[in-house]
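This briefing concerns a protein chain and its ligand. The points below are grouped by topic.

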Amino acid sequence: MAGVEMPRIGLGTWRLAGEEGADAVHAALAAGYRHVDTAENYGNEDAVGLAVARALAEGVLTRDELFLTTKFNREHHGGPERVRPAVEASLRRLGVDHADLVLIHWPNPEQDRYVETAAALAGLVETGLIRAWGVSNFTAEHLDRLAEAGLRAPVDQIQVDPVAAIPGWQAAVHAHGAVVTAYSPIGRAELGIETREAITAAVARTGRTVQQVVLRWHLQHGRVVIPKSADPARQAENLDLLSFSLTPVEMAGIDALDDGSGPRQHPETFGH
Ligand SMILES: NC(=O)c1ccc[n+]([C@@H]2O[C@H](COP(=O)([O-])OP(=O)(O)OC[C@H]3O[C@@H](n4cnc5c(N)ncnc54)[C@H](OP(=O)(O)O)[C@@H]3O)[C@@H](O)[C@H]2O)c1
């Protein structure tokens, strides 16, 4: 993203909707979050917009200090005549005149329109409606198709956690020169990450929480993270990742938790 900086810790907002959602996003902005991740599909762009408007009105931050990401759904895939109205509708719901990053939420390969969608989205950068474009849930194959068309997405937002770390997929994203933003970075409860020795040992040494250790592992691997929390104390915890670090041995121990499984939803069989 030439000339565009994305803060490495953002607030995920899936399931933060309505007034409660707006309050949670507002609390995060007041606590220092400067990157918020939303999507048309979350049905909460209005709530995020409300929180942003309140924070701007209160002088908590300026628009320039905020990095706002949104994403659009499969029915908007196609040329500029589809993509531009989708982005404009998101901006209206968010109550802002531009987004910092807009992502194609899923490639939906069965529609086979993601390449022209990416071209149309990239074309919006020069209009000022968006500062940068990117993709989400794009595999090596999808990124290859974009590259063949001369399109290089600067970011791919994909599901990464210590147990489902998809190293091959991440390597493909890096090979295309893109940054990985890790979604669902903390990992689902059923994976039992908090009981793994590599995690408990790092928690014991650093005096940090499981979630902080996992998020710090992502950061040390150069990923952007967008943990979601509705709770101000947990939001603050997730933002406090720069005051400690993991040793190379701890990093390797967490790397070894990868069990080779993929994300819970795969773009070949899922999309919206
Ligand atoms: N591009 C995509 O297709 C895609 C798909 C899924 C998600 N996303 C994005 O990624 C964001 C993050 O993913 P996610 O929401 O699936 O999962 P996540 O952020 O990894 O985990 C969220 C869960 O962890 C809990 N939690 C957060 N911080 C905690 C802490 N410090 N201690 C204990 N529990 C904590 C939250 O509960 P509380 O709220 O109660 O704290 C919530 O139940 C989403 O919100 C969304 O913005 C993108």
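A residue counts as buried when its relative accessible area is under 20%, and as exposed when that area is over 50%. Asn238 has a relative accessibility of 4% and is therefore classed as buried. The model is a predicted one.

**Asn238 and its surroundings**
- Asn238 belongs to helix α9, which spans residues 232-239.
- Beyond its neighbours within four places in sequence, Asn238 contacts Ile9, Tyr33, Ile186, Gln211, Leu215, Pro227 and Ser229.

- In soluble globular proteins, nonpolar side chains tend to be buried together.
- The largest nonpolar core here has 69 residues, and Val87, Leu121, Trp133 and Leu146 touch the most other members.
- Helix α8 (residues 210-220) supplies the largest share of this core, with six residues.
- Another core, of eight residues, lies apart from it and includes Val4, Met6, Leu101 and Ala132.
- Leaving aside neighbours within four places in sequence, the contacts of Trp133 include Leu121 and Leu146, along with Leu101, Arg152 and Pro154.

**Ligand site**
- Ser136 places a polar side-chain atom 2.8 Å from a nitrogen atom of the ligand.
- For Asn137, a polar side-chain atom lies 2.9 Å from a ligand oxygen atom.
- An N or O atom in the side chain of Gln157 is 3.0 Å from a nitrogen atom of the ligand.
- On its own the ligand has 900 Å² of accessible area, and the protein covers 81% of it.

Definitions and conventions. Residues are numbered from 1 along each chain as its sequence is written. This is a predicted model: local features need pLDDT of at least 70, side-chain atom pairs count only at pLDDT 80 or more; totals for chains, interfaces and linings use all residues. Side-chain values use heavy atoms; hydrogens and water are left out. Helices (H or I, at least four residues) and strands (E, at least two) are DSSP runs, numbered from the N terminus. Buried means under 20% relative accessible area, exposed over 50%, partly exposed in between (1.4 Å probe, protein chains only). Contact means heavy atoms within 4.5 Å. A nonpolar core is a set of buried Ala, Val, Leu, Ile, Met, Phe, Trp, Tyr and Cys residues joined through side-chain atoms within 4.5 Å. A polar contact is a pair of N or O atoms within 3.5 Å; within protein, one must be able to donate a hydrogen and the other to accept it, and residues adjacent in sequence count only if both atoms are side-chain atoms. Accessible areas come from the Shrake-Rupley method with a 1.4 Å probe; for residues, only the protein chains shown count as cover.
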